[in-house]
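Have a look at the structure first.

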Amino acid sequence: MFNETFKLSNGVEIPKLGLGTWLLDDAQAAQAVRDAVSIGYRHFDTAQAYMNEAGVGEGIRSCGVTREELFITTKVAAELKNYDAVTQSIDQSLVKLGLDYIDLLIIHSPQPWKEFRGENRYFEENKEVWKAMEDAYKTGKVKAIGLSNFLQDDIENILASCKIKPMVNQILAHVSNTPLELIEFCQKNDILVEAYSPIAHGAILDNAEIKAIADKYGVSVAQLCLRYDLQLGLVVIPKTANPDHMRNNAELDFVISDEDMETLKDVERIRDYGEHSFFPVFGGKLK
């Protein structure tokens, strides 16, 4: 089981490998947490928008290890853009999860999903959201705070006035779609980058070029993709409810050569995420 950690800018340790729970309902999320813990996972990622915080919490309470051994992330809903609404939502997340504290709280998106990457950047509103998160951090409700889907100017907007710097930016980053400039900007500012959908939500599993490199190392395409992100200095949070996939994803004890890393960086950009293409993070627009 791959169990290395990174250290956030405030000294908090975060497992480099986590389990995503997007698109899992409460029952599935609870079982996924239990299965993953039994395999060795200690890092779990949910969100207010996933509607499964209660299930993740149930999994945490029934998984057989202490709360202190686990690292739990949740995200403030993208549509909440004022101090009071965010503060209230944090308390609601704690109740749903059944936890005294959240290890990492992040803003799910700089804009509401229906306006994702639109003209209104919500710069002032995001400063208000950040203030609410700073206050939750100061009171101990959350141990670390960060961002998700924030571009460089979105991050600079927060850095311009924050009392506590963002510790994380969780973004779409995988072979065939790696925003290297944004990653470099974050890392220069001591912001750890987390990669969601590190296996492109399955859309690159049949890519012949990537498969040829995976075969060379005797690993699966999924394992190669996870290792690629890790070697870029990223946390990876593949989502699965399948225990066999969880085990496969946690077997990452190999090293991709510098030459192959460069080849993987230059793989032709993915254009179609299949059935998931309508989600804003994959280029779609919510109606």
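Predicted model: local features only at pLDDT ≥ 70, side-chain atom pairs only at ≥ 80, totals over all residues.

Residues are numbered from 1 along each chain as its sequence is written, and side-chain values use heavy atoms, leaving out hydrogens and water.

**The largest pocket**
- The largest pocket holds about 690 Å³ of space.
- Its lining is made up of 32 residues, and Trp22, Ser197, His201, Ile237 and Lys239 lie nearest the centre.
- Helix H9 (residues 243–249) gives the largest share of this lining, three residues.
- Sorted by class, the lining of the largest pocket has 15 nonpolar, 15 polar and two charged residues (nonpolar means Ala, Val, Leu, Ile, Met, Phe, Trp, Tyr, Cys and Pro, charged means Asp, Glu, Lys and Arg, and the others, Gly among them, are polar).

**The second largest pocket**
- The second largest pocket has about 370 Å³ of space.
- Among the 21 residues lining the second largest pocket, Arg117, Leu172, Asn177, Arg269 and Val281 are the closest to its centre.
- This lining splits into 13 nonpolar, four polar and four charged residues.

**Where H7 meets H8**
- Helix H7 (residues 208–217) packs against helix H8 (residues 221–231) at an angle of about 90 degrees, and their axes are 9 Å apart.
- H7 and H8 are therefore roughly perpendicular to each other (65 to 115 degrees counts as that).
- Ile210, Lys211, Ile213, Ala214 and Tyr217 of H7 meet Val221, Leu224 and Cys225 of H8, where contact means heavy atoms within 4.5 Å.
- This H7–H8 contact has seven nonpolar, no polar and one charged residues.

**How the terms work**
- A pocket is an open set of points on a 1 Å grid over the protein atoms alone, where a 1.4 Å probe fits, with protein on both sides within 12 Å along at least five of seven lines, and lining residues have an atom within 4 Å of a point.
- A helix is a DSSP run (H or I) of at least four residues, numbered from the N terminus.

Terms used:
Points joined across faces, edges and corners; volume = space filled by probe spheres on them. Helix = DSSP H or I, 4+ residues; strand = E, 2+ residues; numbered from the N terminus. Axes fitted to C-alpha atoms, helices over the stretch in contact; angles between N-to-C directions. Parallel < 35°, antiparallel > 145°, perpendicular 65-115°, else oblique.
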